[in-house]
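Let's take a walk through a protein chain together. Have a look at the sequence and the 3D picture, and then we'll go through some spots in turn.

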Amino acid sequence: MNKTIRRTSVFVLLLVFALLVRATWVQFYEGQALADDKDNRRNAIETYADPLGNIIVAGNAITGSARTGSSSDLAYKRTYTDGKLYAAVTGYASQSYAPTQLEGIYADLLDGTDSSLKTAMDTVTGERAAPGNVVTTIDPDVQKAAYNALGDKKGAAVAIDPTTGKILAVVSTPSYDPSTLTDADTAGAAWKQLNADSDKPLTNRALRQPLPPGSTFKLVVAAAALEDGLYSSVDEKTTSPSPYTLPGTVTPLKNESSSAPCTNASIRVALQYSCNTVFAKMAVDLGQDKVKAMAEKFGFNDDKLDIPVRAYPSVYPSNMNKSSTALTGIGQYDVTATPLQMAMVSAAIANDGKLVSPHMVSETTDSGGDVVHNYDDSTTTKQIVSSNTTQQLQSAMQTVITDGTGTNAEIAGVTVGGKTGTAQHGENNDQSPYAWFTAYGKSDSTSKEVAVAVLVEQSDAARSEISGNGLAAPVAKAMMKAALQ
């Protein structure tokens with residue numbers, strides 16, 4: 001063999017060897033990544049080759065699957081019953097876009113690829129298991145009451161059973177119909193329209209849009225003051241001038257009503273009339289660290305709050321001066337909260353100071369109905385504040401309903417305690433304020449309890465008519481009546 005042929009042969013062999021190495025690398029190292037790639041059409045074909053499992057509310061499936069047209073290589077598409085009503089719970093499963101909410105979290109269970117669903121035979125054959133189902137804690141009556149009461153308002157509402165942590169309702173308005181996003185042939189146009197909508201219907205306001213909670217945060221400050229011993233009871237007089245000059249400034253903080261008896265008012269009276277001056281000074285007297293510690297006990301600053309949907313953290317800030325700390329005492333400055341968070345505050349107060357971890361999935365099951373995972377049995381309970389503090393706060397919150405700013409939430413045959421809130425919005429409060437209401441209700445004839453929080457971000461009400469009692473309390477009342485009936 002001459003020298004040229006020998007060199008050519010070696011070069012060709014090196015090329016063959018390189019191809020073999022590359023093929024081996026792709027098959028054994030990159031194969032799984034390629035298989036899992038979101039742009040791999042085969043994954044969508046496999047996912048929608050058969051009907052998906054379902055999301056269940058009160059024993060009934062609120063999802064389904066339907067045959068697609070013969071022209072599609074995807075055999076089935078997702079369908080929804082009362083899609084707008086439950087969108088904040090289900091999210092969507094789309095042939096074109098990544099799934100969200102429960103559809104996204106339990107995608108593997110719902111399409112049968114979850115390893116916990118596999119039988120011994122499935123493991124041997126490599127076949128995909130029959131899909132499982134997700135059983136929620138949602139009460140359809142409470143969900144409908146919240147959705148209907150919010151109506152065309154932009155807002156959100158959450159209801160929780162304080163004793164079990166079960167979430168009974170999660171509503172965000174304006175809502176959207178997940179069915180418009182399921183079919184690959186029509187989803188694109190719907191997606192563009194929903195994302196172009198200035199009202200942001202795809203945003204889950206109940207869980208994922210923290211906003212200033214306004215005076216509802218005064219419950220947290222009151223809890224901190226009682227636990228710290230700054231005041232011994234809700235009826236002890238405070239040291240609170242009205243107006244109150246913010247520390248280090250010449251800016252006077254006033255109360256909404258100049259005639260309210262806020263000067264040196266007790267916590268009960270200050271909650272009853274929602275006295276800004278009392279709670280601003282109380283926050284300063286406690287100091288930001290103590291207020292923050294109490295807020296975090298209730299769930300603020302938790303960036304891993306999974307219900308199982310990951311909720312955005314509600315925030316109590318740090319490193320403030322005293323004037324900013326004063327503003328946090330009335331739920332302003334950089335304090336933010338979701339309706340879920342404020343419902344958790346009322347739930348803990350209603351439940352003798354114990355906060356049970358909130359969750360909106362009761363269990364997951366396989367196709368035969370056998371339980372794969374029980375979430376009701378895996379809750380955690382934390383003692384947030386003492387029994388004495390909660391009894392006093394309950395009493396003061398009840399005064400808010402019977403004789404204070406929350407009279408629109410009063411229900412015959414139900415002991416209701418609540419707190420209104422109106423949070424400033426925009427530069428120099430130049431935009432419509434947010435209306436808040438959080439409360440608990442206990443049936444006088446049964447053992448049923450519920451805690452709720454409502455946010456009305458925007459409505460067609462005149463600015464002078466925007467208040468927690470006027471806009472949010474009626475929604476809360478409807479939810480509590482539905483839960484306790």
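## Val414 and its strand

Val414 sits in strand β14, which covers residues 414-425. Helices (H or I, at least four residues) and strands (E, at least two) are DSSP runs, numbered from the N terminus. With a relative accessible area of 15%, Val414 is buried; that word means under 20% relative accessible area, while exposed means over 50% and partly exposed is in between (1.4 Å probe, protein chains only).

Which residues does Val414 touch, leaving aside those up to four places away in sequence? They are Gly441, Lys442, Ser443, Asp444 and Leu484, where touching, or contact, means heavy atoms within 4.5 Å. Val414 and Gly441 are 27 residues apart along the chain, yet their C-alpha atoms are separated by 6.2 Å.

## Where this picture comes from

This is a predicted model, in which local features need pLDDT of at least 70 and side-chain atom pairs count only at pLDDT 80 or more, while totals for chains, interfaces and linings use all residues. Residues are numbered from 1 along each chain as its sequence is written, and side-chain values use heavy atoms, with hydrogens and water left out.

## The whole chain

Zooming out, the protein chain has 17 helices and 16 strands. Its C-alpha trace spans about 105 × 60 × 40 Å along the principal axes. Of its 485 residues, 49% count as buried. Take the contacts in the chain with a separation of 6 or more: 67% of them are between residues 24 or more positions apart.

## An open sheet

Five strands line up as an open sheet with mixed pairing, in the order β2-β1-β5-β11-β12. Two strands count as paired if DSSP finds at least two bridges between them. The edges are taken by β2 (60-61) and β12 (371-374); each has a single partner strand, so one side of each is left without a neighbour in the sheet.

Strand β11 (residues 361-365) pairs with β12 in the antiparallel sense, over 3 bridges. In that pairing, Glu363 has Asn374 of β12 as its bridge partner.

## Helix α7 and Gln143

Now for helix α7, residues 140-150, where you'll find Gln143. Is Gln143 buried or exposed? Gln143 counts as buried, because its relative accessibility is 0%. Its side chain has a polar atom 2.9 Å from the backbone oxygen of Leu85, and a polar atom 2.8 Å from the backbone oxygen of Val170. Both Leu85 and Val170 also turn up among the residues that Gln143 touches, as do Tyr86 and Ile138.

At the start of α7, a side-chain oxygen of Asp139 comes within 2.9 Å of the backbone nitrogen of Asp141. After the helix comes Gly151, with a positive phi near 55 degrees.

## Helix α12, tucked inside

Helix α12 (residues 276-286) has 10 of its 11 residues buried, so it is largely enclosed by the rest of the structure. The buried ones include Phe279, Lys281 and Met282. What do the buried residues of α12 pack against? Their neighbours are α10 (218-228), β8 (244-245), β9 (252-253), α11 (267-272), α13 (288-298) and α14 (322-328). Just after α12, Gly287 takes a positive phi of about 95 degrees.

Notes:
A polar contact is a pair of N or O atoms within 3.5 Å; within protein, one must be able to donate a hydrogen and the other to accept it, and residues adjacent in sequence count only if both atoms are side-chain atoms.
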